[in-house]
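Student: Could you walk me through this model, one feature at a time?
Tutor: Gladly; have a look at it first.

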Amino acid sequence: MTEPTVVVAGVGRFGALHVRVWTEAGARVVGLVDPDTGRLAEVAAAHRVEQIGTDLADLLDRTRPDIVVIASDEASHAGLAVTALAAGCHVFVEKPLALSAADAWRIADVAQTHRRQVVVGHISRFTAQMTRMRAAVDRGAVGTLCALRLRRDFSRAWFLSFGDRVDPVWESGIHDIDLAISFARTRVRRVVAMRSAAAGAAAPSVVTALLEFDSGVIATVESAWLVPATAPGTLDDGPLALDGAIVGEAEVLGLAGILKQRLVSDSLVEWTAAGTQVPDLSLWPEEDGRVGGALRREIGYALAVFTGERQPDVMPVEQACWGVEVAEAIIESLRTGAPVEPAGR
Ligand SMILES: NC(=O)c1ccc[n+]([C@@H]2O[C@H](COP(=O)([O-])OP(=O)(O)OC[C@H]3O[C@@H](n4cnc5c(N)ncnc54)[C@H](O)[C@@H]3O)[C@@H](O)[C@H]2O)c1
């Protein structure tokens with residue numbers, strides 16, 4: 001592939017950012033798909049993409065791309081991924097890979113049948129901090145891994161604008177489920193989870209899950225969509241322009257050491273007429289007129305995997321399938337109140 005060609009499926013907030021980042025990474029975006037034709041025309045004009053459509057299979061027939069990037073609503077990921085793989089394309093799919101373990105493994109199987117690669121957009125694996133922490137764990141810097149603590153809170157306002165279209169476990173929790181898997185590197189054998197009853201069914205979700213890995217490592221994964229509008233913004237004036245805040249922390253505990261990380265640090269604080277900002281500089285910061293950070297690293301990695309320049313070692317698709325199994329088990333534990341063993345295959 002000299003200049004890999006890409007079709008982007010789903011050009012909402014994050015899909016439009018993908019069009020920009022894949023172009024900046026040296027790919028050529030040849031087509032866009034979205035059922036929202038107004039949005040489709042707007043993004044196509046902004047990025048000078050000629051081929052557009054509302055049906056992926058039809059657009060793939062017309063454009064024959066090397067890669068399909070899926071950044072649509074979560075419920076459509078599995079169907080679009082299977083369509084793209086069956087058409088012979090490599091697939092980059094935003095998190096979550098699918099909304100059921102059966103669909104996730106089906107995607108992995110179709111990819112294998114067609115000898116194509118699937119990279120899942122678990123962006124947190126690609127932050128500089130997580131990359132360094134994984135390397136430290138791998139070289140034994142914390143000794144035997146014992147426990148992981150992962151927490152991620154989102155703005156309360158986001159819950160009603162997009163957080164409630166699927167269970168928030170698929171939206172925010174899946175990031176930390178995946179990070180736990182990226183450190184433990186084994187399957188989860190047991191899950192128990194609780195949702196705050198005080199929050200009420202229609203209110204922002206507050207979930208705590210406890211995971212036990214096959215290796216004996218335990219992890220807590222917590223998420224609350226309760227960050228008030230008065231909290232300093234972290235993403236307001238970045239390329240995604242999402243008013244609000246993501247606040248998260250990660251801890252890795254081993255017999256010989258502990259690593260601690262803040263997803264969004266307060267290393268830069270801005271008090272201006274726009275209010276107080278603590279801009280995130282790890283996920284998708286503007287750097288020299290381009291999108292940098294974890295998103296650029298993630299797309300660079302995916303391109304290298306798709307062109308055969310490197311192995312899919314940072315984000316193997318089977319680990320994304322394990323993450324979907326765990327999310328499914330957490331939702332089942334929330335429903336029943338009992339511990340659940342994730343469905344193996
Ligand atoms: N990695 C991250 O940090 C991160 C950040 C934001 C969003 N995301 C993920 O990106 C995806 C999109 O999120 P968003 O915030 O951009 O949502 P959005 O609602 O802004 O955009 C979704 C778009 O997908 C379109 N769509 C729906 N069904 C489709 C289909 N069958 N084919 C093609 N397009 C379809 C919608 O019309 C809409 O334009 C989600 O999976 C979300 O979880 C990831």
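**Reading the model together**

Tutor: Let's start with a helix pair: H4 and H5 are roughly parallel to each other, where roughly parallel is the word for angles under 35 degrees, roughly antiparallel for those over 145, roughly perpendicular for 65 to 115 and oblique for the rest. Helices here are DSSP runs of H or I of at least four residues, strands are runs of E of at least two, and both are numbered from the N terminus.

Student: Before we go on, what kind of model is it?

Tutor: It is a predicted model, in which local features need pLDDT of at least 70 and side-chain atom pairs count only at pLDDT 80 or more, while totals for chains, interfaces and linings use all residues. Residues are numbered from 1 along each chain as its sequence is written, and side-chain values use heavy atoms, with hydrogens and water left out.

Student: At what angle do H4 and H5 pack, and how far apart are their axes?

Tutor: An axis is a line fitted to C-alpha atoms, for helices over the stretch in contact, and angles run from 0 to 180 degrees between N-to-C directions. Helix H4 (residues 77–86) and helix H5 (residues 101–113) pack at about 10 degrees, with axes 9 Å apart. Contact means heavy atoms within 4.5 Å. On the H4 side it is made by Ala78, Ala81, Val82, Leu85 and Ala86, and on the H5 side by Asp103, Arg106, Ile107, Val110 and Ala111. By class there are 8 nonpolar, no polar and 2 charged residues; Ala, Val, Leu, Ile, Met, Phe, Trp, Tyr, Cys and Pro count as nonpolar, Asp, Glu, Lys and Arg as charged, and the others, Gly among them, as polar.

Student: Which residues of helix H6 are buried?

Tutor: Buried means under 20% relative accessible area, exposed over 50%, and partly exposed in between, with a 1.4 Å probe and protein chains only. In H6 (residues 128–138) the buried ones are Met130, Met133, Arg134, Ala136 and Val137. Seen down the axis, they fall within an arc of 160 degrees, so they line one face of the helix; the arc is that of the directions from the helix axis to the C-beta atoms. The general idea is that an α-helix has 3.6 residues a turn, so residues three or four places apart point the same way. The cover over the buried residues of H6 includes helix H8 (168–184) and strands S11 (246–254) and S12 (257–262).

Student: Is His90 buried or exposed?

Tutor: His90, in strand S5 (residues 90–94), is buried, with a relative accessible area of 7%. A polar atom of the His90 side chain lies 3.0 Å from the backbone nitrogen of Gln117. Beyond neighbours within four places in sequence, His90 contacts residues including Met1, Asp66, Arg115 and Phe306. Val91, also placed in S5, is buried at 0% relative accessibility. Leaving out residues up to four places away in sequence, Val91 touches, among others, Ala81 and Leu85.

How values were computed
A polar contact is a pair of N or O atoms within 3.5 Å; within protein, one must be able to donate a hydrogen and the other to accept it, and residues adjacent in sequence count only if both atoms are side-chain atoms.
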